[in-house]
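This report describes selected elements of secondary structure, their pairing and packing, and a few points of backbone geometry. The sequence and the structure are shown first.

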Amino acid sequence: MPTLVPAPRPRPSHGPVPPLGVHLAGDGVDVAVLASHASAVHLCLLDVSPDGELRERRVALDGPTYGVWHGHVPGVGEGQRYGLRAEGPWDPAAGLRYNPAKLLLDPYAHGLVGELDDDPSTRGHVVERDASGALVGDVYGPADPRDSAAHVPHSVVVAPRTGHAPVRRPHVPWADTVVYEAHVRGLTMRLDAVPEDLRGTYAGLAHPATIAHLKDLGVTTVELLPIHAFLTEPHLVAKGLTNYWGYSTAGFFAPHAPYATRAAQEAGPGAVVDEVRGMVHLLHEAGLEVILDVVHNHTCEGGADGPHLSWRGLDNPVHYLHDGATPARLADVTGTGNSLDFRRPRVVQMTLDSLRWWAQEVGVDGFRFDLAVTLARGPAGFDPDHPFLVALQTDPVLNGLKLVAEPWDVGPGGWRTGQFPAPLAEWNDRFRGAVRQFWLADPREASHGRPGQGVRELATRLAGSADLFGHSDPPLMRGPVASINFVTAHDGFTLADLVAYEHKHNEANGEGNRDGSDDNRSWNHGVEGRLANEDATIEGLEPGVEIAPLRRRSIRNLMATQVLAAGTPMLTAGDEMGRTQRGNNNAYCQDGPVSWVSWDLSPWRKDLLATTTHLLALRREHAALRSETFFHGRPRHAAGDAVPDLAWFDAAGHPLDHAAWHDPGFRVLQMLRTGPRAGDHDVLLVLNGSLDTVEVVLADVPGRTAGGPADEADEAGGDPGTGPVGDGRAPAWDLVWDSDWEHPAERAREGAPEVLGGQGAAALLEPLSLQVYVSTDHR
């Protein structure tokens with residue numbers, strides 16, 4: 001039996017409402033819990049005896065004050081386990097699910113301990129096991145009387161952290177940003193240079209060996225898959241699987257404890273918070289930013305038949321989106337069973353409070369919002385002026401951070417790429433689709449004699465997707481940096497698998513290969529699956545080995561396109577080293593070698609790492625590849641010459657005409673991006689998307705070629721080729737990279753010409769290849 005203790009010190013019924021959550025204050029804790037439809041709320045202090053028995057002391061809270069129950073409870077310190085119990089109507093048809101037999105997590109807790117058992121007591125309604133072992137029951141039936149305290153996680157009091165170094169953010173400009181999406185556990189589990197006890201932990205991610213790889217590679221910003229405390233769904237546990245990705249949040253203010261070192265976990269939730277903060281600090285010291293992938297669109301409680309853990313038992317009709325019907329039903333626009341209701345100010349408040357805590361107390365540099373359309377749904381659906389989005393734009397803590405939207409959900413009108421306001425950037429799924437289509441899906445069709453889709457869509461994505469991100473007031477305000485350019489992410493094939501599999505192979509997930517996308521736009525180059533010898537050359541003897549070099553070239557094409565396109569590139573951890581998931585395009589439940597990054601590099605993987613590093617260096621070295629503003633195809637206002645910021649040419653070096661843009665068989669394209677400032681070089685990207693070797697006449701730079709006003713510069717005493725106009729000669733181009741090269745040093749090994757110059761200079765491109773040229777003269 002629980003022990004009842006004296007009531008907390010009351011507050012005036014309509015006085016100021018304290019901050020939500022449980023906070024140390026004076027001789028105890030201040031408590032404030034939102035439960036606006038409840039008739040009573042108890043703080044439950046939990047103690048575990050040496051023999052494992054759970055003892056509970058209940059404290060009745062005062063209220064409600066504007067829906068909040070509150071009080072001060074003396075004698076409570078850091079490390080105290082606790083939970084909440086809420087009394088009120090059990091009326092599921094009206095959306096009310098109060099059941100005091102269920103111990104509830106504090107939504108504002110900074111520490112959680114324990115796991116969720118698949119026990120009948122964890123449901124609010126009566127359930128029993130069927131013949132298959134699944135829990136079944138009537139979600140509109142009677143409340144379940146069994147106590148859940150021994151079968152659910154518990155909240156823990158965490159003191160404010162003091163004595164840590166101040167947050168010094170790197171503040172990497174958007175134009176210089178290169179995002180690296182990584183999983184805390186998966187990144188270092190197989191990295192031998194990290195001590196074994198640190199692998200797969202926050203500390204391991206901040207180990208010098210990990211940081212050295214990130215710095216040497218050339219990324220600037222690490223985007224971490226969810227590290228909010230999360231739970232594994234019981235149906236996965238029954239299969240021996242786990243929620244590896246972490247998109248099942250149990251606490252928006254608590255770090256996921258299993259990612260901490262064993263020492264930190266044993267020291268308690270406060271030490272876990274310290275380890276996370278230490279990770280962020282060390283990454284900052286190395287000049288690397290940290291962005292968190294946050295899941296504020298739904299919670300771990302799932303549908304109405306899911307566990308009764310927190311929000312459902314405290315204020316179900318306030319926290320969750322309902323369809324307005326009778327009986328009440330959850331409106332699921334996330335595909336997870338529930339969706340948080342961002343029409344409710346308290347839901348917006350909880351989200352903003354969480355973001356500020358991670359930004360101020362932990363020091364992270366930004367957030368990627370999973371299924372962000374849900375976070376901006378008002379009474380009429382998606383609203384670009386939603387109060388939550390307005391808050392992100394105006395909040396003094398948040399509006400200077402890097403904010404990234406995943407611009408879709410699965411509800412009505414859920415695809416909204418390009419429709420979020422500044423300062424948010426967005427994942428650009430149109431970029432992903434166009435790049436895969438041009439380099440993989442179209443050649444796959446062409447190999448069977450079927451037509452492709454031309455270059456128009458790809459060119460739009462290469463130029464920063466102004467059609468998507470240019471709509472603003474004033475127009476074009478966001479710039480191409482708002483486009484997060486990616487070809488792969490955690491969700492889908494890896495880069496290496498895109499060129500080796502045409503069909504998903506998700507059997508290990510236990511769902512009969514029904515899960516995961518069927519729209520992969522991949523190409524196996526003629527043989528499904530990996531080859532036994534992926535380092536083979538074209539002269540190899542193994543059946544199918546002749547496709548290995550072609551696959552590697554396709555990987556390099558994909559990597560180069562996302563790195564060099566206008567916008568903000570995002571790499572998926574391990575793609576720079578050819579990581580494979582063996583055809584699994586939905587490895588959300590695979591916590592093992594399938595999902596972990598492999599650091600045991602074969603020769604071709606070492607070459608790919610060198611190639612990716614080289615491409616990122618080219619982007620870093622040339623301002624023409626890091627445009628902050630959209631292109632106009634004409635001279636810049638501040639420039640003193642007639643050189644356009646962007647120009648397109650065909651294989652003969654002629655400007656593209658209308659017919660070429662609309663010809664599905666047109667597959668060779670030159671993209672000229674000129675240096676924006678004095679001293680910058682021009683960059684020419686030449687793409688051959690055909691299955692044939694082609695000869696290309698390298699483009700001249702309009703305004704810098706013969707017949708231009710160069711004589712004026714000469715009369716003014718300017719140096720040829722270095723003034724604002726140039727010397728009137730056709731440019732000389734330095735070939736700095738070719739996707740046909742297995743390694744960036746291959747040019748020197750094969751004696752490839754360093755400079756191609758003069759009007760009519762020609763280059764030879766292999767089938768399905770990309771070349772990068774830099775002008776030998778600068779502005």
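Val29 has Val73 in β7 as its bridge partner. The model in which this pair is found is a predicted one. The two strands concerned are β3, residues 28–34, and β7, residues 68–74, which pair in the antiparallel sense over seven bridges.

Both strands belong to an open sheet of four strands in the order β2-β3-β7-β6, with antiparallel pairing. At its edges are β2 (21–25) and β6 (62–65), each of which pairs on one side only. From one strand to the next, the twist averages 20°. Strands of a sheet pair through backbone hydrogen bonds, either parallel or antiparallel.

## The closed barrel

Eight strands form a closed barrel that runs β15-β16-β19-β20-β23-β24-β25-β26, and the pairing here is parallel.

Phe369 has Ala405 in β23 as its bridge partner.

## Packing of helices α8 and α9

Two packed helices are described by the angle between their axes and the distance between the axes. For α8 (residues 345–362) and α9 (residues 387–394), the axes come within 10 Å and cross at roughly 25°. Angles under 35 degrees count as roughly parallel, and α8 is therefore roughly parallel to α9. The crossing of α8 past α9 is right-handed.

Which residues of α8 and α9 meet? From α8 they are Val348, Thr351, Leu352 and Leu355, and from α9 they are Phe388, Ala391 and Leu392. Sorted by class, this contact of α8 with α9 has six nonpolar residues, one polar residue and no charged residues.

## A mostly covered strand

Strand β31 (residues 732–738) is mostly covered, with six of its seven residues buried. Its pairing with β34 (residues 769–778) is antiparallel and extends over five bridges. Trp733 stands opposite Ser775 in β34. In a regular strand the side chains alternate between the two faces of the sheet.

## Cis peptide bonds

Most residues other than glycine have a negative phi, and most peptide bonds are trans. Two cis peptide bonds are described here. Thr326 and Pro327 are joined by a cis peptide bond with an omega of about 0°. Pro327 lies in the loop between α7 (311–319) and α8.

Asp473 and Pro474 are likewise joined by a cis peptide bond, and here omega is about 5°. The loop that holds Pro474 lies between α12 (466–469) and β25 (483–485); β25 is also one of the barrel strands.

## Residues with positive phi

Asn513 is not a glycine, yet its phi is positive, at about 65°. This residue is located in the loop between α13 (495–498) and α14 (548–564). Is Asn513 buried or partly exposed? With a relative accessible area of 21%, Asn513 is partly exposed, since buried means under 20% relative accessible area.

Arg582, also not a glycine, has a positive phi of about 55°. Its place is in the loop between β26 (568–572) and α15 (603–621). Because its relative accessibility is 52%, Arg582 counts as exposed; the cut-off for exposed is over 50%.

Terms used. Residues numbered from 1 in each chain as written. Predicted model: local features only at pLDDT ≥ 70, side-chain atom pairs only at ≥ 80, totals over all residues. Heavy atoms only, no water. Axes fitted to C-alpha atoms, helices over the stretch in contact; angles between N-to-C directions. Parallel < 35°, antiparallel > 145°, perpendicular 65-115°, else oblique. Left-handed = near helix turned anticlockwise from the far one by under 90°. Contact = heavy atoms within 4.5 Å. Nonpolar A, V, L, I, M, F, W, Y, C, P; charged D, E, K, R; others polar. Buried < 20%, exposed > 50% of the residue type's maximum accessible area, 1.4 Å probe, protein only. Pairing = 2+ DSSP bridges.
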